[in-house]
Every structure is written in C-alpha cells, then in structure tokens.
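Notes follow in the order I checked them.

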Amino acid sequence: MTVMSNSEFAKRMMLLARPAQQFEPTATYDPDGDCIEFLAKPDPFYAERVDDLVTVYYSQETGEVIGSLIKGVRGFQDQISKTMPGFQIEIKAGRVRLVHLFRSRLWTSPAKANDLTTLVYEKLISVAEESQVETDLCLV
Amino acid sequence: MSSPEKSRREYITLSAIEPKDGTLTCQILISHERMQAIVRRGMGHVKECGNIVPMILEKPTAIFEGLRLDEDEDRRGYGWRCYCGVPEHSYRADGTEGRPYPGQVYLVFVNDEMVAYNWRWEKADPNNPKLPMNHEDRFKERLL
C-alpha cells in the first residue's frame, strides 16, 4: 500500500477541484461511517450533536443551519421499518427524500414542541425541504 | 465485515500518528468517493480536506478511542478513533485562507478499519482549547 504524502494529497484534491463548478445541495450515504451527510450550502461549518442520531452543521459565516450528519443509518432504518412500516412507501428505488428521515425521527421522538431538539429538527426539515435532496439508503 | 458495496470502494492512504509510540506509522484511508463528494462542495471544502485533514492526522493534540455517543460510533464499540487538533488556518467557501476559528478544534473521525469518514470543526473545551467540548463524556479512552 503506497502512502501518499501530505503535499501529494493536497495536490490531488486541487486537481479534482473544478473552481467554476456550481454548488448543489447534496445528501450522501457513506458506508464507511454508516452515515448520511447533508450539505445545503458551500459555507464552512461547525458541528454540534443534537441527539443520538443527528449532528447539525452551522455555517461559520452566518450561524444558519446548513446541513447535518445522520449516524447509525442501518440501525435507524431498521427501527423505522418496525415502528413505521408505511415508511417503505417513501423509498423509491432505494432512495428517499431526506426530509422524510428527519420527520420520521421527530414523529417518533419524545421531545416536546418547544424543546431545542425539536426546533433544530424543524429547521433541518425546512432546509431539507427547500433543498429537495434525496439520499440512498443502505441495504439492511 | 465489509459489505459488497464497501469492498468495491478504492482508497488513498495517508500517514498518521500511532498513539502507542508517537511514530508516524499509522495508515489512514480515505475513499475516492468521499474525495469526490468533497470536491462537489467547493474550493473551501477541498482545501480543508487537502490541507487540514492530513495535518491533524500527523500533528494531533489528542487522539481518542471508543466513541461513546451513538451518533459517533453506531454502537459498534471500540476501535473507532477521533483525531483532534487545532489547524493553522481555516478556509472560506471560496478557498481563501483565514485564521483558525477561535474556540474551535478540528476533528477527524476514523472507523475500526482505519477509514477516515468524517471531519469537521467543533467547539473546544472552554478549559482546554486544544480539546473538544465534552471530551470527558464523549470518548471511552484518550490514547494521546
């Protein structure tokens, strides 16, 4: 296995980059982390844990919610299929709109309407809805 | 065990500090798919990945193992690591360089197969600006 030097790695990343490329919101499932990462804006961000499922991303520039990391996707998917069997209807060819994942979590959560957790989920729902992003789900 | 989807993935390898002896002998993988996903986010994220991530792996202020919170470890137990450090720079969305964010650290999360799958800025411990907030409760063990 060849180890890449730091400068080679930085150079490789720069070669892959396309400066003029227009940003589009994305939600990507990563099997290495069993997580879905959602980003609605290209801003640099910092992260804060919301609960055992979601870490929210805040823009370093504006403080707005601009994305999230959903962890433990296999377990969550398994849990949804048991508690909300009708959710399967929303999965089309292995893909689902991200907003449905946030909603399903909120609807099965004991959090109250004015809890900070609920408010963050509502904001994430709004950002995901506006972005219209879909994500792959892993195969359980 | 790797799923068929995972086994098709290709990776590049970076050097990292081995916490047992402090040498640069640990090898961390980053998938090509992850690199491509970062590229789609724009120049700021490209430079963060290309410059900050390798620096944190080589010069961490701390390495933690056993990510305690569910969102960090997916209930898979020991073996998952978090490399923590304070970068020399931050990068704006257009890729221009700025100062590091005050009161924040940079974390690189590594799974039990030594694949770095996530990296990000987080708030630092107010009592120790080189460590992440709540590090005492968040990790099972500090290796470095």
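Which side chain meets A:D78 in a salt bridge? I found A:K82, with N to O at 3.4 Å. The model is predicted, so I take this distance as a computed value.

**Helix pair in chain A.** I placed both residues of this pair in helix α2 (residues 73–83) of chain A. A:D78 and A:K82 are four residues apart there, about one turn of the helix. I then looked up accessibility: A:D78 is partly exposed at 30%, while A:K82 is exposed at 62%.

**Salt bridges elsewhere.** I counted 16 salt bridges over all chains. One of them joins A:D30 to B:R9, with the closest N and O atoms 3.1 Å apart. This pair crosses between chains: A:D30 sits in strand β2 (residues 26–30) of chain A, and B:R9 in the loop between α1 (4–7) and β1 of chain B. Are the two partners buried or exposed? A:D30 has 8% relative accessibility and so counts as buried. B:R9 is buried too, at 10%; the cut-off for buried is under 20%.

I also noted B:E122 and B:R120, whose side chains meet in a salt bridge at 2.8 Å, N to O. B:E122 is buried, with a relative accessible area of 6%, and B:R120 is buried at 2%.

**Strand β1 of chain B.** I looked up what this strand, residues 11–16, pairs with. Strand β1 (residues 3–4) of chain A runs parallel to β1(B) and is joined to it by two bridges. A:M4 has B:L14 as its bridge partner in β1(B). With strand β2 (residues 26–31) of chain B, the pairing of β1(B) is antiparallel, over six bridges. Here I picked out B:I12, whose partner in β2(B) is B:I30. As for cover, I found five of the six residues of β1(B) buried.

**Second largest pocket.** How much space lies in this pocket? I have about 220 Å³. It is lined by 13 residues, and those closest to its centre are B:N51, B:I52, B:P54, B:M55 and B:E88. Both chains take part: α1 (6–16) of chain A and α3 (43–58) of chain B each supply at least two lining residues. The largest share, six residues, comes from α3(B). By class, I listed six nonpolar, four polar and three charged residues in the lining.

Technical notes: Residues are numbered from 1 along each chain as its sequence is written. Chains are lettered from A and ligands numbered from 1 in the order in which they are written. This is a predicted model: local features need pLDDT of at least 70, side-chain atom pairs count only at pLDDT 80 or more; totals for chains, interfaces and linings use all residues. Side-chain values use heavy atoms; hydrogens and water are left out. Buried means under 20% relative accessible area, exposed over 50%, partly exposed in between (1.4 Å probe, protein chains only). Two strands pair if DSSP finds at least two bridges between them. On a 1 Å grid over the protein atoms alone, a cavity is a set of points where a 1.4 Å probe fits but cannot get out, and a pocket is an open set with protein on both sides within 12 Å along at least five of seven lines; lining residues have an atom within 4 Å of a point. Grid points are joined across faces, edges and corners, and a volume is the space filled by probe spheres set on the points. Ala, Val, Leu, Ile, Met, Phe, Trp, Tyr, Cys and Pro count as nonpolar, Asp, Glu, Lys and Arg as charged, and the others, Gly among them, as polar. A salt bridge is a side-chain nitrogen of Lys or Arg within 4 Å of a carboxyl oxygen of Asp or Glu.
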